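Student: I would like to learn how to read a structure like this one. Could we go through a few features together?

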Amino acid sequence: MDIKIGNRLIGLNHPTYFIADIAANHDGDLERAKRLIRLAKEAGADAAKFQNFDAPKIVSDYGFSHMNAQVSHQATWKKSVTEVYRAASIPFEWTLTLGEECQEVGIDYFSSPYDFTAIDFLDQYVPVYKAGSGEIDWIEALERMASKGKPFFVATGASTIGEVQRAVHAILKINKQLVLMQCNTNYTASPDNYDHLHLNVLKTYATMFPDVILGLSDHTHAVAPVLGAVTLGARVIERHFTDSNDREGPDHKFAMDPDKWARMVEETRLLERSFGSPDKFIAGNEQETQVVQRRCLRAARDIKAGEVFTRDMIDVLRPATIGAIKPHEIPNVIGTKALHDFKYGQELRWTDLEA
């Protein structure tokens, strides 16, 4: 199955679609958000993504303030969870400007909504919906996004296969344009996170859900996981994007800078070119190589007309002159008769032999 976003087709037989998730890396500055859009385009991204949430509608201040401590990536935050979310939120008023900036530089714009108001508001601005991993079991929100009738990307971090199955079945009843993204939701930027990516889950998704497009939503820096995911069939890659990992903010540390992003895209495009055909044949650029590097049968000494070939009269040597007998035919040459004299080293052809 293919889906279409703007002029881009997305599917197994099309180039990988790269989403630069700018998320909270705008640092509350609209001009900075626009600059990151331009940098993402220059680095090879196909889409710039943001996140629309309202702190009171995504986190419970009571809930987090009554935990013993802030944990995981939140442990390094200097402010409360609610304060960080409030600072990272994007005003709806930015939406038109961000969309226009994306259109001007030639990159798709969309944003992940985290409440019903945002879901409905974004409908007029986005060509695709994306649900973050945290929404995997909020079926009513998934159904609300799916009902908009647009391509729908769903990340599946920190979830079980049963939860994924329930979400996929609920969405497919409404909308077949689903991209299912393997994801590991650890935002600490620890090198240990590579041990938890489990890209082979993509094989499971391909088997269980053969009619959906696969993707990877990832929070590591190296190119290898992306190349592995694309090899396993992923055609949508989402990673966070920033201009500096040294900036303060919840999403900067695990994001990719423009240089790393450009290298990721470049290496993926090389991989896509390298996939080629599943058929095994002599490739177009091997036509001369097959002559100079392959062997053919040659006279191992001067041979007179009428001599009957024995194995010791045959050499197997390069080059494989076009029209000469190939090495696998040795048993069929032994016992034939030379129709004319052969010089030492001359290639043997079937037209020169008598059975």
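**A guided first look**

Tutor: Buried means under 20% relative accessible area, exposed over 50%, and partly exposed in between, computed with a 1.4 Å probe on protein chains only. This is a predicted model, in which local features need pLDDT of at least 70 and side-chain atom pairs count only at pLDDT 80 or more, while totals for chains, interfaces and linings use all residues. Residues are numbered from 1 along each chain as its sequence is written, and side-chain values use heavy atoms, with hydrogens and water left out.

Student: Is C102 buried or exposed?

Tutor: C102 is buried too, and its relative accessible area is 0%.

Student: How many disulfides come out of the count?

Tutor: A disulfide is a covalent bond between the sulfur atoms of two cysteines. The rule here asks for a pair of cysteine sulfur atoms within 2.5 Å. By that rule, the count is zero disulfides.

Student: What is the volume of the largest pocket?

Tutor: The search runs on a 1 Å grid over the protein atoms alone: a pocket is an open set of points where a 1.4 Å probe fits, with protein on both sides within 12 Å along at least five of seven lines, and lining residues have an atom within 4 Å of a point. Points are joined across faces, edges and corners, and the volume is the space filled by probe spheres set on them. Here the largest pocket has a volume of about 770 Å³. Of its 38 lining residues, the closest to the centre are I58, Y85, Y114, G134 and Y187.

Student: Which elements supply at least two residues of the lining?

Tutor: Helices (DSSP H or I, at least four residues) and strands (E, at least two) are numbered from the N terminus. Strand 4 (47-52), helix 2 (55-58), helix 4 (81-88) and strand 10 (234-240) each give at least two residues. Helix 4 gives the largest share, three residues. By type, the lining divides into 18 nonpolar, 13 polar and seven charged residues.

Student: How many residues are in the largest nonpolar core?

Tutor: In soluble globular proteins, nonpolar side chains tend to be buried together. A nonpolar core is a set of buried Ala, Val, Leu, Ile, Met, Phe, Trp, Tyr and Cys residues joined through side-chain atoms within 4.5 Å. The largest one has 72 residues, and Y17, F50, F152, F153, F241 and W261 have the most contacts inside it. Helix 8 (residues 161-172) supplies the largest share of this core, six residues. There is also a second, separate core of 13 residues, including F309, I325, I330 and V333.

Student: Is D21 buried or exposed?

Tutor: D21 counts as buried, at 2% relative accessibility. It sits in strand 3 (residues 17-21). Beyond its neighbours within four places in sequence, D21 is in contact with K49, F50, Q51, E238, R239, H240 and F241.

Student: Where does R295 lie?

Tutor: R295 is in the loop between helix 12 (289-293) and strand 11 (296-299). It is partly exposed, with a relative accessible area of 42%.

Student: Which residues are joined by a cis peptide bond?

Tutor: R318 and P319 are, with omega of about -5 degrees. P319 is in the loop between strand 12 (314-317) and helix 13 (330-333).

Student: What about phi in A23?

Tutor: A23 is not a glycine, yet its phi is positive, about 50 degrees. A23 is buried, with a relative accessible area of 2%. A158 also has a positive phi, near 55 degrees, but A158 is exposed, with a relative accessible area of 72%.

Notes: Ala, Val, Leu, Ile, Met, Phe, Trp, Tyr, Cys and Pro count as nonpolar, Asp, Glu, Lys and Arg as charged, and the others, Gly among them, as polar. Contact means heavy atoms within 4.5 Å.
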